[in-house]
Each structure stands twice: as C-alpha cells, then as structure tokens.
Amino acid sequence: MSLPLYMKILTDLKQQILNGQLTAGAKLPTEKELSESYSVSRITSKRALTELEQDGLIYRVRGKGSFVKAAHTSESSTSTAANDKPKRILFVLPFVNDLSVGNFNEGLAPVMAENHTDVMMVALDFLANKTAAEVMAEFDGMIYYVNDIDQYLDLLLELSLSQFPVILLDKKLYDLPYPAVLSDNVDGGRQATKALIAEGHRHIAYLFWDVQHPQSVRQRYLGYIQELKEAGLSFHTSMDDQTANAKMLTRYLAAHPEITALICENDLVAIDAMRQIRQAGKTVPDDYSIIGFDDIQAAALVDPPLTTVAQNFKELGATAGRALLEQLQQNAIPTDALIPVTLVKRRSTRQIH
C-alpha cells in the first residue's frame with residue numbers, strides 16, 4: 001500500500017536522522033527544495049517538516065530553516081512520541097448546524113477523545129475550495145456524510161489514490177473503495193410495513209419526497225416491497241409513479257381511495273403529509289395511519305406524535321470513529337458496517353378491522 005505523499009517525505013527524513021545520515025545541527029532541505037525533489041506541493045512538504053518538528057526530531061528557525069535536534073536514543077522513543085501526538089480528523093456533514101436531524105457526534109466525540117484524536121466538524125461546502133493536497137496536509141483522515149453521490153467525486157477520487165483514510169456515512173459510493181457505515185434501511189422498510197400489516201392494513205402506500213430517490217430511500221422502499229410480497233399483498237406504490245410524492249399527496253390519495261396507511265421516506269415527509277391530510281378534512285390516524293423514518297426531534301412533538309423508524313445516530317457516529325481509527329492506527333481497511341434500526345411506536349397509526 002503506497003503512503004500519502006507527505007508520509008513519504010516524513011519517512012525518508014526520519015530514517016536519515018535516526019541512522020545518523022543527518023546529524024545533530026544539520027540543516028534540512030527547505031519546503032521549496034523538498035516540493036521540487038518529490039514533485040509535490042509546498043503544503044505537502046510543509047506538513048512533513050511540521051510533523052518532524054512535533055515529533056521532536058528537528059527545530060525550525062524563522063528565516064534560516066529547519067535543523068536536526070540532538071540525536072534520540074532509539075527509534076522506539078520517537079515512535080512513542082509520534083503516537084502520543086493528537087491526530088486531527090475532518091467530519092463533513094450537510095446539516096452541521098442542525099443536530100436535531102441526527103447527532104452523530106454524541107457517539108463520535110467520546111471515541112475520538114479516548115484516542116487523543118481531535119475532530120473538526122464542518123458543513124459540506126467546506127470542501128468546495130479545498131484540494132486533495134490541502135485536505136491531506138491539514139488532516140489525518142475524514143468521515144464524510146454522503147449527501148449527493150455525485151458531489152466532490154473528483155476530490156474523493158484523488159484522496160483514494162493517495163490512500164487517505166476516509167469513512168463514508170449514510171450511503172455507499174460503489175465507484176470508490178471507501179468503507180461505509182450505514183443504517184439498515186432495508187430492514188427499516190420491512191419493520192414499518194410489518195407493523196402496519198399487523199394492525200390490519202392491506203393497502204399501504206409508500207410516499208416519496210421527489211422523483212429523485214436517494215440510495216437510502218430506495219433501500220427503505222425495497223424493504224417495504226419485500227414485506228408486502230411475503231405477506232401476499234398485491235397493492236404497492238410504484239417507484240415510477242410521479243404522483244406518489246408529498247407534493248401531490250391529495251391527487252395520489254384521490255386516485256387510490258383504498259389506501260389506509262402511508263410509509264414516508266422520512267419524518268419531514270410524514271409531518272408534511274399529516275398537515276395536508278388535516279387540510280383535506282381528514283385525520284391521522286382515524287383516516288390514515290402514517291409512519292416516518294429517522295426519529296427527528298419534531299417527530300415526538302407533532303400532533304399526533306409520529307410513529308417512526310429510528311436510526312441509531314450515536315452508534316453510527318461511534319462506529320464511523322472506530323473504523324477510521326482502525327485505519328489510522330493499524331493501517332487496515334475496515335469492512336462496511338450495517339447499524340440496526342428500531343421502530344418507535346407512537347400515535348400516528350391505529351388498528352383497523
């Protein structure tokens with residue numbers, strides 16, 4: 001496995017210092033000289049020198065350069081010092097300022113604190129003006145919430161080619177070799193459907209937000225279809241039906257008067273559906289039972305409180321943190337992780353006869 005570019009410089013210089021090729025007081029090549037010699041950016045060569053300084057192997061004098069400190073007794077003592085130095089990871093989220101949508105940090109922060117690793121949590125647009133070299137120079141690894149599978153593909157590809165540790169959250173990018181930490185969305189779709197079938201519903205619809213369906217939504221939909229088929233129920237929503245979304249709910253329900261229950265792709269869609277049903281003079285759950293996904297804070301506060309499928313955001317964050325640490329500490333690539341989901345029963349569904 002090839003090393004990140006800065007690690008190649010760092011390893012070469014450290015070896016020269018420890019074997020005596022560069023003696024105490026010797027001047028090291030400048031950032032510019034290193035960048036030209038290794039055909040890398042100055043940011044990359046600067047990171048290598050900065051890490052050598054933090055490891056206690058060199059000291060730097062403004063305007064004069066970098067110099068080797070007095071020889072260390074053994075490589076193992078240097079390695080211990082390097083291991084004690086806090087790592088720094090980047091955590092990229094689309095909703096960094098709204099943790100009510102899902103607080104991954106509740107699980108991630110303790111894992112990273114125990115391992116002396118600093119976390120910088122940023123919004124997706126942080127990466128808009130960043131190059132792969134800059135990300136690698138500033139951070140040791142990244143946890144990346146996949147909001148759009150096509151976003152930042154060029155940057156992510158460059159990072160993968162440099163063996164930079166990245167863990168994906170929420171979605172899998174099948175074109176890139178990154179491990180992903182995911183909720184078991186297929187089972188979530190099955191649990192929601194099974195609960196409604198148990199209450200006597202036989203015509204259960206699946207409500208989307210739009211005609212574009214994210215990976216997680218498709219997986220929930222597949223779980224819904226699987227459970228219906230196993231129960232021998234013929235009615236189901238077609239993913240190709242463009243009226244089966246929250247923006248056309250009244251039209252969709254009018255076209256299918258047999259429907260008694262709705263499974264919504266997420267809680268926001270479910271809450272909007274409840275509002276539209278009230279405006280149409282109907283009620284939840286007397287006329288329609290509704291189940292959402294995610295268990296956001298608002299789900300418990302609406303009237304009636306929403307039955308939903310809860311993602312374990314705490315465990316998602318903790319698992320992503322442990323997976324990234326496995327890469328950083330053991331240079332091992334973890335496998336994908338599937339985190340169980342739980343049906344949270346509230347009052348937006350009811351038994352029918």
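A charge sits over a ring if NZ of Lys or CZ of Arg is within 6 Å of the ring centre and within 35 degrees of the ring normal. The legends below concern a predicted model, in which local features need pLDDT of at least 70, side-chain atom pairs count only at pLDDT 80 or more, and totals for chains, interfaces and linings use all residues. Residues are numbered from 1 along each chain as its sequence is written, and side-chain values use heavy atoms, with hydrogens and water left out.

**View 1. Charges over the rings of Tyr-6 and Trp-209.** Arg-47 places its charged end over the ring of Tyr-6, 3.8 Å from the ring centre. Over the ring of Trp-209 sits the charged end of Lys-247, 5.2 Å from the centre.

**View 2. An open sheet of 5 strands.** The strand order is β8-β9-β10-β11-β13, and the pairing is mixed. At the edges stand β8 (204-207) and β13 (342-344), each of which pairs on one side only. From one strand to the next the twist averages 20 degrees. Strands (E, at least two residues) and helices (H or I, at least four) are DSSP runs, numbered from the N terminus; two strands pair if DSSP finds at least two bridges between them. Strand β9 (residues 261-264) and β8 are parallel, with 4 bridges, and Tyr-206 stands opposite Ile-263 in β9.

**View 3. Helices α9 and α11 on the sheet.** Helix α9 (residues 215-230) touches β8, β9 and β10 (289-294), and its direction makes about 170 degrees with that of β8. Helix α11 (residues 267-279) lies across β8, β9, β10 and β11 (307-310), at about 155 degrees to β10. Contact means heavy atoms within 4.5 Å; axes are lines fitted to C-alpha atoms, for helices over the stretch in contact, and angles run from 0 to 180 degrees between N-to-C directions.

**View 4. The aromatic pair of Phe-91 and Phe-104.** Rings of Phe, Tyr and Trp (its six-membered ring) pair if their centres lie within 6.5 Å; planes under 30 degrees apart count as stacked, over 60 as edge-to-face and the rest as tilted. The whole structure holds 9 aromatic pairs. The centres of Phe-91 and Phe-104 are 6.4 Å apart and the planes are at 80 degrees, so this pair is edge-to-face. Phe-104 is buried at 3%. Ring pairs link Phe-91, Phe-104, Tyr-145 and Phe-313 into a cluster.

Definitions and conventions
Buried means under 20% relative accessible area, exposed over 50%, partly exposed in between (1.4 Å probe, protein chains only).
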